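I opened the notebook to look up a few spots in this model.

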Amino acid sequence: MSHPYIRIDLDKIEHNARTIVELCRANGIKVVGVTKCTCGNPEIARAMRRGGVVAIGESQLENIRRLKDADVDAPAMLLRLPSPSEAEEVVASVNVSLNSEISTLAALSQAAQKNGRRHDVIVMVDLGDLREGLWPRDLTRFMRETLRLPGIRVAGLGTNLACFGGVMPSEENMRRLSDLADEVEGNLGWKLDWLSGANSSGLNLIAAGRMPARINQARIGEAILLGRETTHRRPWPDTFQDAFSLHAEILELKRKPSAPLGERSEDAFGHLTTFENRGEIERALVNIGREEINIEGLTPHDARLKILGASSSYLIVDTSATAGALKVGDELAFAVNYGALLTAMTSEYVKKKNVRKAFTTQFTREAKIRYADR
């Protein structure tokens with residue numbers, strides 16, 4: 001495969017999904033596998049489904065269309081709040097959507113009636129992260145209005161944490177969501193199927209057995225894809241952190257000064273970078289840049305390499321410590337964080353290489369046994 005490309009180990013994603021699903025299942029929680037940072041890759045969605053997720057969560061209708069066109073057998077959840085102009089397609093393509101605006105719900109209601117459908121929604125509540133959702137004091141009034149809309153069924157309440165404000169899930173805010181559900185059901189006589197309160201940031205709370213019992217749905221992406229919880233980005237037990245790796249090719253390899261020469265201004269992206277003068281070093285120009293990926297999210301597999309920066313077209317890497325072992329045309333491999341994965345997967349310039357049955361020899365004997373027993 002030509003470069004650059006991202007290698008996707010579907011077996012490791014399936015294994016990670018199974019690990020997370022089993023943890024959540026033991027705590028009465030169903031998992032929606034979130035594929036939004038993979039641009040709705042159908043094979044990744046299938047790997048998650050093999051691992052036991054009950055539905056696929058996506059933020060883009062285009063990605064949901066891609067999954068449906070590929071015949072991925074999974075209910076679809078729209079994670080980004082829909083706009084009124086999208087109501088027709090949302091009702092036609094999506095099983096459940098997250099919502100916080102009555103005007104949007106009215107448009108969904110109209111589209112559902114027009115097409116003889118019923119559309120399920122999860123009403124989002126803001127518990128302090130200050131992203132989407134109703135402020136709790138407004139919830140009962142909003143729910144009363146929503147329950148009057150024909151063609152709309154309120155399937156549950158949800159909240160989102162640790163994304164914008166970085167507010168961590170806690171027993172207190174999860175209990176608040178549970179109490180709000182009790183209040184809605186008591187005041188309006190409406191039974192809620194789902195309390196969608198957890199994402200990858202909530203795994204520690206779940207594992208500690210401190211998640212309130214009414215929280216029964218988790219929307220999980222990064223922990224499945226990259227094997228990390230998202231409060232401290234620590235590896236999660238019994239998961240792989242290397243299901244994705246970025247591969248790019250050396251285009252130029254030369255010894256040059258380590259600091260620019262001449263009067264300097266801002267670079268092409270408006271930055272004035274500080275350079276350490278270490279004399280001449282060996283520098284590789286690699287065929288990926290800021291046009292394709294968030295380079296701050298890359299870590300070379302070879303610990304001897306150091307990323308110096310990037311332009312729109314090139315990644316610049318200090319290869320001095322490799323003692324002349326590299327040459328033009330060689331492939332360099334990089335680990336990716338969530339931001340780098342998102343940009344790589346959504347870039348048309350980065351090819352995607354799905355592989356299966358590639359990790360067995362890398363398992364420890366104990367991991368092989370655990371996997372075989374599932």
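I looked up Leu-130 and found it in the loop between β6 (119-124) and α6 (139-146). The model is a predicted one. Is Leu-130 buried or exposed? I read 54% relative accessibility for Leu-130, so I noted it as exposed; the cut-off for that is over 50%.

I found a nonpolar patch made of Leu-130, Trp-135 and Phe-164. Together these three have about 360 Å² of accessible area.

Then I went to Thr-19. I placed Thr-19 in helix α1, which covers residues 10-25. Its relative accessibility came out at 8%, so I put Thr-19 down as buried; buried means under 20%. I also looked up the pair Thr-19 and Leu-225. They are 206 residues apart in sequence, yet I got 12 Å between them in space, C-alpha to C-alpha.

How many cavities of 30 Å³ or more does the whole structure hold? My search turned up 1. I noted about 60 Å³ of space in the largest cavity.

I listed the lining of the largest cavity: Ile-56, Ile-64, Leu-67, Lys-68, Val-72, Ala-74, Pro-75 and Ala-76. Which element gives the most to this lining? I found that helix α3 (residues 61-69) does, with 3 residues. I sorted the lining by type: 7 nonpolar, no polar and 1 charged. Lys-68 is the charged one.

Notes
Residues are numbered from 1 along each chain as its sequence is written. This is a predicted model: local features need pLDDT of at least 70, side-chain atom pairs count only at pLDDT 80 or more; totals for chains, interfaces and linings use all residues. Side-chain values use heavy atoms; hydrogens and water are left out. On a 1 Å grid over the protein atoms alone, a cavity is a set of points where a 1.4 Å probe fits but cannot get out, and a pocket is an open set with protein on both sides within 12 Å along at least five of seven lines; lining residues have an atom within 4 Å of a point. Grid points are joined across faces, edges and corners, and a volume is the space filled by probe spheres set on the points. Helices (H or I, at least four residues) and strands (E, at least two) are DSSP runs, numbered from the N terminus. Patches are made of residues with over 30% relative accessible area and no salt bridge: like charges are joined within 9 Å, nonpolar side chains (Val, Leu, Ile, Met, Phe, Trp, Tyr) within 5 Å. Accessible areas come from the Shrake-Rupley method with a 1.4 Å probe; for residues, only the protein chains shown count as cover. A salt bridge is a side-chain nitrogen of Lys or Arg within 4 Å of a carboxyl oxygen of Asp or Glu. Buried means under 20% relative accessible area, exposed over 50%, partly exposed in between (1.4 Å probe, protein chains only).
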